[in-house]
Amino acid sequence: VEQGVAYIYKNEKGMFRQADQVSGNNGTLSVTNAATYLPAAASADEDWNMGAAVAVSSGSAVAVAAPNHPETQGGIGIYEPNADKTNWTLTSALGATDMGYDFGRAIAFDKAVSGTKQLFFYGGPSAGGGGGATGNCGEVRLAIGTDGAGTADNYSTAAVELTYDPPGGGNASHVVDQFLGYSVAAHDGVVVAGAPGSRVLGTAGGATSGPSGAAFVWANTKDAGGTTATLQAGYYTNVAILTGTVWDSAGGGGLHANTPGFGADVDIYGDTIVVGAPSGEGGAAGTVSKAGRVFVFTSTDVRNSDKWDHAAVLTASDGSSADFFGSSVRMPNRNTIVIGAPGDEVPGGATSAGSIYVFTGNGSNWDQVQRITYTGAATSSKYGFNRAIAATQKEIFVGSSDEPTGPSTETNNPEKIIRYRI
């Protein structure tokens, strides 16, 4: 049984200490749909996988997803702190049975919004999609809330779907097994979501018979800062679909449709979007199977243009087969990209222990400046696995998959979050 919990840590004079843990409807407020979309705090008899995705707003509200309940399709709890941030209480429960299994698999606040009004985006990669389409098309939706209110239902339960109607693409670009919403990020009124199952590139040049992946981009074209957005349809416009169609000189140049996993993770900061393709070719020469790569896109007009340019492709200088570089990508600022490679072998011979790569630069010029490994990593720790990296202006936090190497009853790798200073 995997009900799951989320642990909340507070920075006290440079040291992070556990301040609280949440595991469902943990407060006294009468929150609409809490009993439907979230487990009871004391219950442990159903699989919810609570904590599969977490996000923190600028006002210290904590969003925790429980995406796996087979009956209600899962939900998301929004928890707000008391004045001294020693206790977090459930104030809103979001859910939608029409979004399918995996509701809330990826969640994100707009990280440029610093006021009490918050823009919260969440993906449901198993949703049927619009136009009568069914079967893992995926969706991304927006909910708006007010941090600090301390009252029930202060985040909208009537969220609006971000429609998929890019220039020249239309709904035809949204198809079965696309898994749109597998990853989500937002910054200053621009939203990007990964669809690693997309076949938008088809089988160009015979390079691939499988999905090539894509990332959808929406922009708030009516309000530059995004702080006055409402749930009215059309506030966010789907301005572009990004794909891994261009490879740099290390890969021989030209068009490469074979970018499996493109969209597994995404992030955005200002005019730069990064997209991971962990199952693609990588390594120093750009030809190593499943070594992984990361694509960088830039735009000169992020809200009003459909023009996002391929700026760079990043690979690990020592990439090996099945490193899956690009499983996690984060931009803590406009000049830094942090990338996870959970299959990397670390010094000492621990296979799939995982490592982190740091690149600095801007535009089309990026340099690998550091490879970070954890000396305590064990075989199959997989540090930096899918979306398991968080980064601020000053720190990087890296999680492991805690995958047992023995029988299913064993836990060989204790759960850890490793903190690094930038």
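Analyst: Happy to. A cavity here is, on a 1 Å grid over the protein atoms alone, a set of points where a 1.4 Å probe fits but cannot get out. Grid points are joined across faces, edges and corners, and a volume is the space filled by probe spheres set on the points. This is a predicted model, where local features need pLDDT of at least 70, side-chain atom pairs count only at pLDDT 80 or more, and totals for chains, interfaces and linings use all residues. Residues are numbered from 1 along each chain as its sequence is written, and side-chain values use heavy atoms, with hydrogens and water left out.

User: How many cavities of 30 Å³ or more are there?

Analyst: The count comes to one. About 30 Å³ of space lies in the largest cavity.

User: Which residues line the largest cavity?

Analyst: Lining residues have an atom within 4 Å of a point. They are G354, S355, I356, I372, T373, Y374, Y383, V398 and Y420. That lining divides into six nonpolar, three polar and no charged residues. In this scheme Ala, Val, Leu, Ile, Met, Phe, Trp, Tyr, Cys and Pro are nonpolar, Asp, Glu, Lys and Arg are charged, and the others, Gly among them, are polar.

User: Thanks! On to charges: how many salt bridges does the structure hold?

Analyst: Eight, where a salt bridge is a side-chain nitrogen of Lys or Arg within 4 Å of a carboxyl oxygen of Asp or Glu. One of them joins R371 and D318, at 3.4 Å from N to O.

User: Where do R371 and D318 lie?

Analyst: R371 is in strand 22 (residues 365–372) and D318 is in the loop between strand 18 (309–314) and strand 19 (328–333), so the bridge ties together parts 53 residues apart in sequence. Strands are DSSP runs (E, at least two residues), numbered from the N terminus. D318, D344 and R371 are also linked in a network of salt bridges.

User: And what does E395 pair with?

Analyst: E395 meets R419 in a salt bridge of 2.4 Å, N to O. R419 lies in strand 25 (residues 417–421) and E395 in strand 24 (residues 395–399), so parts 24 residues apart in sequence are tied together. E395 also forms a salt bridge with R421, with the closest N and O atoms 3.9 Å apart.

User: Is E395 buried or exposed?

Analyst: Buried, at 8% relative accessibility. Buried means under 20% relative accessible area, exposed over 50%, and partly exposed in between (1.4 Å probe, protein chains only). R419 is partly exposed at 28%, whereas R421 counts as exposed at 63%.

Definitions and conventions:
Helices (H or I, at least four residues) and strands (E, at least two) are DSSP runs, numbered from the N terminus. On a 1 Å grid over the protein atoms alone, a cavity is a set of points where a 1.4 Å probe fits but cannot get out, and a pocket is an open set with protein on both sides within 12 Å along at least five of seven lines; lining residues have an atom within 4 Å of a point.
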